[in-house]
Amino acid sequence: MASEIKMPQLGMNQDSAVIVTWLKVAGDKVALGDALLEVETDKATVEVEALAEGYLSGIQAVEGDDVPVGNLIAMIVDTDADVTTAQVASPSAASEVAPSVDASDWVEASQAERPQPEPFAEPPKRQSVPPPQPAPAPIVVSQAKVLASPKAKLLARERGIDLVALRVKGLSEPIHVKDLPLSQVGDHYALSAQVSQEAVDALLSRSEIMDRTMLFASFAAGAWRRFFEVEDVAVTLIGLDGEATICTNPDRGGEGTLNATSLSLIDLCETRLSSYTTSTVGVTLCVAKEQNAFLLTLSVSGAGLSMPQAVGLLNEIAARVEDPIRQLL
Amino acid sequence: MRQITLSQAVNEAIAEEMRRDPTIFLIGEDVAEAGTPFKVTAGLVEEFGTERVIDTPISEPGFMGMAVGAAMTGSRPIVDLMFGDFLFLIMDQLCNQAAKAHYMSGGKLNVPLVLRTNLGATRRSAAQHSQSLHALVAHVPGLKVALPSSAYEAKGLLKTAIRDNNPVVFIEDKLMYQDKASVPEEEYLIPFGQANIVREGRDVTLVATSSMRQVCEKAADLLSEDGISAEIIDPRTIVPLDETTILSSVKKTSRAIVVDEGHQSYGVAAEIASIISEKAFYHLDAPVIRMGAMDVPVPFSPVLEDLTVPTPELVAQNARKIVFGEMIHGL
């Protein structure tokens with residue numbers, strides 16, 4: 001029966017330990033309690049003993065490696081035939097190999113050199129070779145430290161300004177409030193436009209089957225498709241009861257499928273309400289009535305839509321409301 | 001409105017309060033006929049007599065101890081300590097006795113005492129008569145500390161101090177005794193713990209105590225030539241301290257310089273700067289700057305003495321640095 005040798009926890013706050021020296025080589029016969037290797041923490045050097053008897057196999061780390069606690073170091077297999085020697089390095093070779101302390105090297109090595117489960121005769125589940133420690137997720141946010149005043153940092157966060165990018169552009173540190181781009185409007189903003197309702201009213205009066213909300217959904221979808229040059233557009237219709245209905249390509253009879261919502265639409269024309277805002281991430285078009293006009297409000301929340309894009313999109317929608325013929329062209 | 005000197009304002013405040021309350025008496029060196037070296041108490045002995053305006057031997061611990069005892073037993077003494085530097089002589093009477101009697105007696109004793117003294121260098125009085133030691137007393141719980149920055153403040157704050165049932169250390173700027181300000185004829189009191197916005201501004205807050213108010217006003221004039229708008233806050237009392245006014249000003253301007261004439265290290269400027277850093281941190285666009293007297297005994301040489309205190313030019317220079325973002329620390 002194969003047995004795992006893992007990096008032991010030797011102290012309360014110990015996350016890893018360095019392998020000082022291997023006292024056995026792969027293929028050596030080991031007895032219960034035999035010292036296999038020496039590991040060193042910042043406090044002590046300790047011998048790791050064999051907890052089973054058999055043959056040392058599949059050594060995962062060489063001398064000098066800093067191995068996280070709980071990670072597999074090697075195996076003890078039952079028979080000489082089971083011994084895997086395709087290991088990182090034999091102890092004799094390790095003395096010549098420069099110690100690698102890079103954590104990523106360790107992960108790669110363990111993935112490449114991990115003993116295959118085949119040699120073990122139906123090992124019980126708990127003794128199967130554990131998957132190697134997952135490599136740390138790639139860091140997306142730049143870890144670079146930018147020197148900026150507390151207020152500049154706060155404003156940058158509020159406005160969604162990347163201070164690292166500013167520095168890359170050549171701004172000298174420390175960055176102060178005056179250095180922040182003024183044009184940056186941030187992640188949350190809303191634009192409004194007042195549009196004459198004559199054309200839409202005329203269109204609705206001529207057709208009994210045409211629904212105003214769907215008409216706006218069509219305008220929004222058409223504008224989106226044209227502006228962003230995409231094929232499919234999904235509009236989420238938000239009802240006043242809070243219910244949401246997804247409507248794909250409303251301007252093309254609802255054909256096509258699209259999982260992600262492009263934008264949301266709420267129609268407040270039947271109410272006295274004039275606007276709707278939500279903290280939900282996305283783009284929302286709100287239609288309300290104001291005297292003899294429609295009030296179109298496009299609110300953007302963390303959707304990665306730049307100000308010029310939002311302005312262009314709202315202009316495109318407004319043009320269609322004003323002149324529905326545009327929708328057909 | 002009439003203009004009177006700080007000296008006259010203090011004199012008026014004492015006289016008006018002594019007329020109002022017969023338990024008030026004045027005690028100190030040369031307070032009677034001589035009217036103090038600064039002529040602050042001139043004329044009071046003529047009106048109130050030597051029973052209430054008491055000249056003492058040259059023994060600060062002696063008359064301070066007598067005054068603390070008198071305050072505990074129903075009188076309201078105003079003690080005149082000729083120079084702020086002599087605070088070191090009366091530390092036990094002031095800090096161990098007066099400041100703690102109310103607490104140690106379980107609230108049975110009050111010490112309604114005012115200790116009037118002064119601060120300020122550049123009077124060519126050398127190291128033992130030029131110190132600004134208000135940080136020493138501000139550090140001791142149980143003492144209130146008022147720092148008038150003009151004749152108007154002096155009169156209003158001193159009347160409040162005299163009516164307070166706790167020991168108050170009232171520290172005047174000895175260079176300001178002849179400076180005039182508009183002071184109303186009619187009675188007024190300035191409450192403790194209420195800072196004064198001396199001048200409104202946009203770009204930087206100058207917190208200025210006592211003598212440093214004038215320095216900061218001149219600095220603000222210099223800065224306005226560069227298009228920098230400075231706001232000046234005079235805390236008026238450093239114990240109690242009006243944190244709200246200071247913090248709301250800094251939140252508006254995002255920058256602060258605290259200017260105080262005490263030695264810069266471990267001083268009042270440091271305390272206020274620390275409060276700003278702790279409570280307005282995310283509003284700051286620049287490090288908070290402390291400006292105080294150089295950490296040296298005040299030199300007798302006029303040339304050297306003038307170098308030891310904050311000047312309008314130095315304040316303006318620091319303000320420019322933080323407004324233009326040139327002040328870089330820790331790089």
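In the predicted model, the interface between the two chains brings 13 residues of chain B into contact with 11 residues of chain A. About 900 Å² is buried between chain B and chain A, with 60% of this area on carbon and sulfur atoms. On the side of chain B that touches chain A, the residues comprise 8 nonpolar, 3 polar and 2 charged. Polar contacts link 5 residue pairs between chain B and chain A, both members of each pair being at pLDDT 80 or more.

Aromatic pairing was examined next. A pair of aromatic rings is described by the distance of the centres and the angle of the planes. Over all chains, the count of aromatic pairs comes to 9. One of these joins Phe227(A) and Phe228(A) in an edge-to-face arrangement, with 5.1 Å centre to centre and 80° between the planes. The angle of 80° is over 60 degrees, and the pair is therefore classed as edge-to-face. Phe227(A) has a relative accessibility of 31% and so counts as partly exposed; Phe228(A), with a relative accessible area of 23%, is also partly exposed.

An edge-to-face pair is likewise formed in chain B by Phe281(B) and Tyr282(B), whose ring centres are 5.0 Å apart and whose planes stand at 90°. The two residues of this pair fall into separate accessibility classes: Phe281(B) is partly exposed at 39% relative accessibility, whereas Tyr282(B) reaches 52% and counts as exposed.

In chain A, a charged side chain is placed against an aromatic ring: Lys29(A) lies over the face of Tyr55(A), at 5.5 Å from the ring centre.

Notes. Residues are numbered from 1 along each chain as its sequence is written. Chains are lettered from A and ligands numbered from 1 in the order in which they are written. This is a predicted model: local features need pLDDT of at least 70, side-chain atom pairs count only at pLDDT 80 or more; totals for chains, interfaces and linings use all residues. Side-chain values use heavy atoms; hydrogens and water are left out. Contact means heavy atoms within 4.5 Å. Buried area is the accessible area (1.4 Å probe) that two parts lose on being put together, summed over both. A polar contact is a pair of N or O atoms within 3.5 Å; within protein, one must be able to donate a hydrogen and the other to accept it, and residues adjacent in sequence count only if both atoms are side-chain atoms. Ala, Val, Leu, Ile, Met, Phe, Trp, Tyr, Cys and Pro count as nonpolar, Asp, Glu, Lys and Arg as charged, and the others, Gly among them, as polar. Rings of Phe, Tyr and Trp (its six-membered ring) pair if their centres lie within 6.5 Å; planes under 30 degrees apart count as stacked, over 60 as edge-to-face and the rest as tilted. Buried means under 20% relative accessible area, exposed over 50%, partly exposed in between (1.4 Å probe, protein chains only). A charge sits over a ring if NZ of Lys or CZ of Arg is within 6 Å of the ring centre and within 35 degrees of the ring normal.
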